[in-house]
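Keep the structure in view while reading.

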Amino acid sequence: MKYSRIAGTGRYLPEKVMTNADLEKIVDTSDEWIRTRTGVERRHVCTEDQAVSDMCIEAAKIAIEDAGIDVTDIDMVITGTTTPDFIFPNVSTIVQHKLGIPACAAFSLEAACTGFIYALSTADKFIKAGEAKCVLVLGAECITKLLDWNDRNTCVLFGDGAGAVILKPSDEPGIISCHLGADGQYKDLLHYPYGASNNLALAGTESGKILMTGNEVFKVAVKTLGNIAAKTLEDAGITHEELDWLVPHQANIRIIQAMAKRLNMPMEKVIVTVQDHGNTSAASVPMALDVGIRDGRIKKGQLVLAEAFGGGFTWGTVLMRL
Ligand code: UT7
């Protein structure tokens with residue numbers, strides 16, 4: 001088995017929905033500003049006692065059923081998240097235990113909004129190396145717990161959720177290629193600079209908040225994603241006409257439109273969920289993939305380019321056949 005291939009997908013969104021009208025009551029903003037500048041209309045928000053692992057478990061159950069496998073088939077769990085339940089144990093171990101997956105390698109990785117793309121790429125390598133046979137790959141985030149609800153620059157952008165895929169070996173691709181990148185020189189443009197070994201006392205408090213220079217992030221995101229997407233297609237010898245679907249990170253409709261333009265793809269071939277989900281960071285790509293597959297747009301055998309960009313900066317693409 002030379003390749004890995006997605007065998008099933010799932011997503012979970014918290015029940016509570018906040019609309020732009022709800023936010024108009026909290027900060028000095030308007031539905032019109034949020035819609036035109038970001039494309040967001042509503043977002044799901046997890047409750048106080050809901051952790052990332054809870055959402056992962058719900059998304060995973062659906063992906064497991066979709067793949068037609070048993071939990072005992074899974075031999076690795078990888079979660080991309082920047083909002084884990086705890087500093088340790090890692091989210092994947094909690095998911096492994098609560099779902100009844102037999103003891104196996106289970107770890108989480110942190111690459112902000114690119115977390116799922118990094119996790120999927122890592123799972124692909126384990127399968128290709130013959131070291132895993134059935135990997136549960138998750139991208140999940142309770143990012144609203146890090147928001148300052150008085151800061152209109154950030155609180156209107158984000159939402160919570162979890163996406164899951166089951167990755168298995170296959171004789172045919174499957175995952176064709178992954179391109180990952182990062183450049184820490186941009187760390188101050190988008191960060192939450194509070195953690196276990198730095199500013200611990202501020203983490204999770206009202207004074208510790210997401211800091212973002214949005215318009216600068218926007219420019220680097222469009223340029224970097226455009227370049228890496230073009231390189232991904234070029235390396236694979238694939239033209240944009242052959243691509244059936246673009247599944248982009250859902251940070252801003254204007255970034256998504258710029259990407260579609262750069263790839264010469266009509267918006268009809270782009271899965272867009274930003275209006276309903278907001279920016280769910282590492283959860284955005286697997287949830288968008290699940291939406292596209294479940295509503296019948298993305299069909300088996302079609303060629304899909306998934307991409308993401310986030311704090312760090314980190315970025316990445318996965319080119320795959322479903
Ligand atoms: O997921 C990881 C990657 N993240 C991203 O890719 C995010 C990239 N950045 C963006 O999506 C956009 O930069 C934002 C949506 C964050 C902001 O849009 P923008 O068009 O770049 O606006 P801006 O930051 O340049 O602000 C324009 C104006 C400012 O007012 P002045 O200075 O022109 O008077 C802001 O104070 O809009 C104001 N503003 C708001 N007004 C109403 C900022 N936030 C709001 C708001 N409601 N919520």
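## A serine in a helix

Ser-92 belongs to helix H4, which covers residues 91–99. The model is a predicted one. Is Ser-92 buried or exposed? Its relative accessibility is 0%, so Ser-92 counts as buried, the cut-off for buried being under 20%.

## What surrounds Ser-92

Neighbours within four places in sequence are set aside here. Beyond them, Ser-92 is in contact with Val-77, Ile-78 and Thr-79, and also with Ala-106, Phe-107 and Ser-108.

For Phe-107 there is a further detail: a polar atom of the Ser-92 side chain lies 2.8 Å from the backbone oxygen of Phe-107.

Strands of a sheet pair through backbone hydrogen bonds, and the pairing can be parallel or antiparallel. In this model, 4 strands make up an open sheet with mixed pairing, and their order is E8-E13-E12-E11. Which strands are at the edges? They are strand E8 (175–182) and strand E11 (245–248), each of which pairs on one side only. From one strand to the next, the twist averages 10 degrees.

Strand E12 (residues 303–310) pairs with strand E13 (residues 314–321) in the antiparallel sense, over 8 bridges.

Helix H10, made of residues 284–294, lies across E11, E12 and E13. Relative to E11, helix H10 runs at about 145 degrees.

How values were computed:
Residues are numbered from 1 along each chain as its sequence is written. This is a predicted model: local features need pLDDT of at least 70, side-chain atom pairs count only at pLDDT 80 or more; totals for chains, interfaces and linings use all residues. Side-chain values use heavy atoms; hydrogens and water are left out. Helices (H or I, at least four residues) and strands (E, at least two) are DSSP runs, numbered from the N terminus. Buried means under 20% relative accessible area, exposed over 50%, partly exposed in between (1.4 Å probe, protein chains only). A polar contact is a pair of N or O atoms within 3.5 Å; within protein, one must be able to donate a hydrogen and the other to accept it, and residues adjacent in sequence count only if both atoms are side-chain atoms. Contact means heavy atoms within 4.5 Å. Two strands pair if DSSP finds at least two bridges between them. Axes are lines fitted to C-alpha atoms, for helices over the stretch in contact, and angles run from 0 to 180 degrees between N-to-C directions.
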